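Try each task before you read its solution.

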Amino acid sequence: VGEWLAVAFFVGGATSTLGTYLSFVYISASGLSEAAKSGAAPRAAGCLMPVTKAPLPGLLLFSLVTSLLVLFDFEVLVQIETVLQCVHSLMFMTLVPRLRRLRPHAQRPYRMCGTDSLAVV
């Protein structure tokens with residue numbers, strides 16, 4: 001029973017990991033494709049496969065990046081993730097003043113305390 005149970009756990013774990021990876025890559029690629037449609041990303045990133053409508057450039061990009069990241073140690077991956085998270089946060093916060101300027105009458109379900117300069121800081 002021990003060997004069969006080990007095989008079952010391995011197959012279940014591998015299937016679960018693969019499913020999680022595929023959904024993450026697809027969601028990321030779809031986000032990149034939508035950004036391309038709105039002009040926030042290069043137009044080539046918005047290309048879709050004719051039959052499946054899958055965002056091929058994004059899928060290839062994120063798969064390539066993931067394949068390259070597997071080669072690094074865990075400590076390096078943590079450092080890369082930390083830097084990317086900081087860059088993402090900075091980019092996100094700098095959009096607040098821009099959106100307020102471009103769309104002053106847009107509905108805002110959330111209010112921020114302070115001014116635009118506080119959002120950037």
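From the N terminus on, the elements run α-α-α-α. This is a predicted model, where local features need pLDDT of at least 70, side-chain atom pairs count only at pLDDT 80 or more, and totals for chains, interfaces and linings use all residues. Residues are numbered from 1 along each chain as its sequence is written, and side-chain values use heavy atoms, with hydrogens and water left out.

**Exercise 1.** Work out how many helices and strands the protein has, and what share of its residues is buried.

*Solution.* Next, call a residue buried under 20% relative accessible area, exposed over 50%, and partly exposed in between (1.4 Å probe, protein chains only). Buried residues then make up 11% of the 121 residues. Finally, the protein exposes about 10,100 Å², and carbon and sulfur atoms supply 72% of that (Shrake-Rupley method, 1.4 Å probe; for residues, only the protein chains shown count as cover).

**Exercise 2.** Check the span of α1 against its 36 residues.

*Solution.* The expected span is 1.5 Å times one less than the number of residues. For α1 that comes to 52 Å, and its end C-alpha atoms are 52 Å apart, so the two agree. Just after α1, Gly39 takes a positive phi of about 90 degrees.

**Exercise 3.** Find which residues of α1 are buried, and what they pack against.

*Solution.* The buried ones are Val25, Ser28, Ala29, Ser33 and Ala36. An α-helix has 3.6 residues a turn, so residues three or four places apart point the same way. The buried residues of α1 pack against α2 (56-69). Now zoom in on Ser33, which sits in α1 (residues 2-37) and has a relative accessible area of 3%. Skip its neighbours within four places in sequence, and Ser33 is in contact (heavy atoms within 4.5 Å) with Ala45, Gly46, Leu48 and Pro55.

Methods. Helix = DSSP H or I, 4+ residues; strand = E, 2+ residues; numbered from the N terminus.
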